[in-house]
Amino acid sequence: MVPPNTSLLKYDNPILVSRNTEKKATKQKAKVGGATVTGNGSSAGPVPTAPKAGKLPPVDAQKNQQTEEILNSILPPKEWQDNGQLWITQVSSTPATRLDVVNLQESLDQRLQQRQARETGICPVRRELYSQSFDELIRQVTINCAERGLLLLRVRDEIRMTIAAYQTLYESSVAFGMRKALQAEQGKADMENRISDLESEKRDLERQVNELKAKCEAIEKREAERRVVEEKRHTEEIQFLKRTNQQLKAQLEGIIAPTRK
């Protein structure tokens, strides 16, 4: 038998419920009047005798039974199997003393150190241990005042619901951040490809510009050379025409002059 006594919540000694390993038989059991009755109707334990007429159970016994029922509803019993045997343990209904509270605090500090819980930030280990400690405080308060224990139960459930809501919000925000990061990575890759294409296009255009500049410079140079040649040829032609003109003029004057005499 391995009792699950690893919680800070105080439990009673484990009780052997059944030696039957079949789950079907275990599920058919029901408690009737404090006795365990199996599916065939046979009693698995002693049936308490009815109180005699005119006598009522003690007030303390009724109060203890009511307290145990409230404790079992707030903090359900634990069940486990060991070597084919079904064991059950319930939370303790023994009132707590000041020493129990001091021991609880020391046990909490010791568990926090043993399990290396983080002092700040989000820590599941620290949350689990403090939750067990709060359940133990609820147990201690419920024994003295059931109404106060039920109110603490509402506070505990509200805290758990709030933490669950924050956890859901955190998970959804993390998923949203991951999606945005993936989209950013994908957009970054697309942008890098576009930048590479634009740079390649820029290099091609620069190469074309350089080629066109070279062609333009070659054309200008060739046209300048041709202009120089044309101007030289034109100048020589003019000089030739001037000389021819002077020669013809001289010949014409030589012909006209003897005729006048």
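The legends below accompany close-up views of a predicted model.

Figure 1. The protein comprises 5 helices and 5 strands. Read from the N terminus, these elements follow the order β-α-β-β-α-β-β-α-α-α. Of the 261 residues in the protein, 15% count as buried.

**Figure 2. Antiparallel pairing of β4 and β5.** Strand β4 covers residues 78–82 and strand β5 covers residues 85–89; the two pair in the antiparallel sense over 5 bridges. Within this pairing, Gln81 has Leu86 of β5 as its bridge partner. The hairpin formed by β4 and β5 has 2 residues between the strands, and Asn83 there adopts a positive phi near 55°. Most residues other than glycine have a negative phi.

**Figure 3. Strand β5 and its pairing with β1.** Strand β1, residues 15–18, also pairs with β5 in the antiparallel sense, here over 3 bridges. Leu86 of β5 is the bridge partner of Ser18, and Leu86 is likewise the bridge partner of Gln81. Strand β5 is mostly covered, with 4 of its 5 residues buried.

**Figure 4. The largest nonpolar core.** This core contains 11 residues: Leu9, Tyr11, Ile70, Leu71, Ile74, Leu75, Val91, Ile138, Ile143, Ala146 and Leu153. Two or more of the core residues come from each of α2 (59–74), α4 and α5. Helix α2 gives the largest share, 3 residues. In soluble globular proteins, nonpolar side chains tend to be buried together.

**Figure 5. Helix α4, its span and its buried residues.** Helix α4 has 21 residues, which at 1.5 Å a residue should span 30 Å; the end C-alpha atoms lie 31 Å apart, in agreement with that expectation. The buried residues of α4 are Leu129, Gln132, Ser133, Asp135, Glu136, Ile138, Arg139, Gln140, Thr142 and Ile143. Among them, Ile138 and Ile143 also belong to the largest nonpolar core.

**Figure 6. Gln116 in the loop between α3 and α4.** Gln116 is located in the loop that lies between α3 (98–114) and α4. The phi of Gln116 is near 55°, a positive value in a residue other than glycine. With a relative accessible area of 69%, Gln116 is exposed, because the cut-off for that class is over 50%.

**Figure 7. The second largest pocket and its lining.** About 370 Å³ of space lies in this pocket. The elements that give two or more residues to the lining of the pocket are α4 (124–144) and α5 (146–260). Helix α5 provides the largest share of the lining, 5 residues. The lining is formed by Gly121, Ile122, Cys123, Pro124, Arg126, Arg127, Tyr130, Ile163, Tyr166, Gln167, Tyr170 and Glu171. By residue class, the lining divides into 7 nonpolar, 2 polar and 3 charged residues. Rolling a probe the size of a water molecule over the atoms shows where empty space is left.

Technical notes: Residues numbered from 1 in each chain as written. Predicted model: local features only at pLDDT ≥ 70, side-chain atom pairs only at ≥ 80, totals over all residues. Heavy atoms only, no water. 1 Å grid on protein atoms, 1.4 Å probe; cavity = no way out; pocket = protein on both sides within 12 Å on 5 of 7 lines; lining within 4 Å. Points joined across faces, edges and corners; volume = space filled by probe spheres on them. Nonpolar A, V, L, I, M, F, W, Y, C, P; charged D, E, K, R; others polar. Pairing = 2+ DSSP bridges. Expected span 1.5 Å × (residues − 1). Buried < 20%, exposed > 50% of the residue type's maximum accessible area, 1.4 Å probe, protein only. Core = buried A, V, L, I, M, F, W, Y, C linked by side-chain atoms within 4.5 Å.
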